[in-house]
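Work through the exercises below with the model open. Each task is followed by its solution.

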Amino acid sequence: MLAAFLLVFVVFMASPATSRSDPFWVPYTAQSLLADRDLDLADHGVELGDDYALVESDGQLVSYFPWTTAALTTPLVVL
């Protein structure tokens, strides 16, 4: 069992394939909530089209995913 785990782990770590998961923008949204009191991510130098999860809403560049996770993450961003 250990040998199988180590084999899968080594193959996973050696794989050049990478993926950006959905919560990628959570820390940036939390920082924007703290600093600017809004959800706009344009202050972080990103533009619409840079990522599939960025959309424009009411003139702001925001994450497509709910902002509640970012709100719960704000204490970690403060630290």
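Patches are made of residues with over 30% relative accessible area and no salt bridge; like charges are joined within 9 Å, nonpolar side chains (Val, Leu, Ile, Met, Phe, Trp, Tyr) within 5 Å. The model is predicted: local features need pLDDT of at least 70, side-chain atom pairs count only at pLDDT 80 or more, and totals for chains, interfaces and linings use all residues. Residues are numbered from 1 along each chain, and side-chain values use heavy atoms, without hydrogens and water.

**Exercise 1.** Find the nonpolar surface patch and its accessible area.

Step 1. Leu2, Phe5, Leu6, Phe9, Val10, Phe12 and Met13 form the patch.
Step 2. Together they have about 790 Å² of accessible area (Shrake-Rupley, 1.4 Å probe).

**Exercise 2.** Why does alanine 71 count as partly exposed?

Step 1. Alanine 71 lies in helix H3.
Step 2. Its relative accessibility is 30%, so it counts as partly exposed (buried is under 20%, exposed over 50%, partly exposed in between).
Step 3. Alanine 30 is 41 residues away in sequence, yet 6.0 Å away in space, C-alpha to C-alpha.

**Exercise 3.** Describe the largest pocket by volume and by lining class.

Step 1. The largest pocket holds about 170 Å³ of space.
Step 2. Thr29, Ser63, Phe65, Pro66 and Trp67 are the closest to its centre, out of 13 lining residues.
Step 3. Helix H2 (26–36), strand E2 (60–63) and helix H3 (68–78) each give two or more residues to the lining.
Step 4. By class, the lining has 9 nonpolar, 3 polar and 1 charged residues.

Notes
A salt bridge is a side-chain nitrogen of Lys or Arg within 4 Å of a carboxyl oxygen of Asp or Glu. On a 1 Å grid over the protein atoms alone, a cavity is a set of points where a 1.4 Å probe fits but cannot get out, and a pocket is an open set with protein on both sides within 12 Å along at least five of seven lines; lining residues have an atom within 4 Å of a point. Grid points are joined across faces, edges and corners, and a volume is the space filled by probe spheres set on the points. Helices (H or I, at least four residues) and strands (E, at least two) are DSSP runs, numbered from the N terminus. Ala, Val, Leu, Ile, Met, Phe, Trp, Tyr, Cys and Pro count as nonpolar, Asp, Glu, Lys and Arg as charged, and the others, Gly among them, as polar. Buried means under 20% relative accessible area, exposed over 50%, partly exposed in between (1.4 Å probe, protein chains only).
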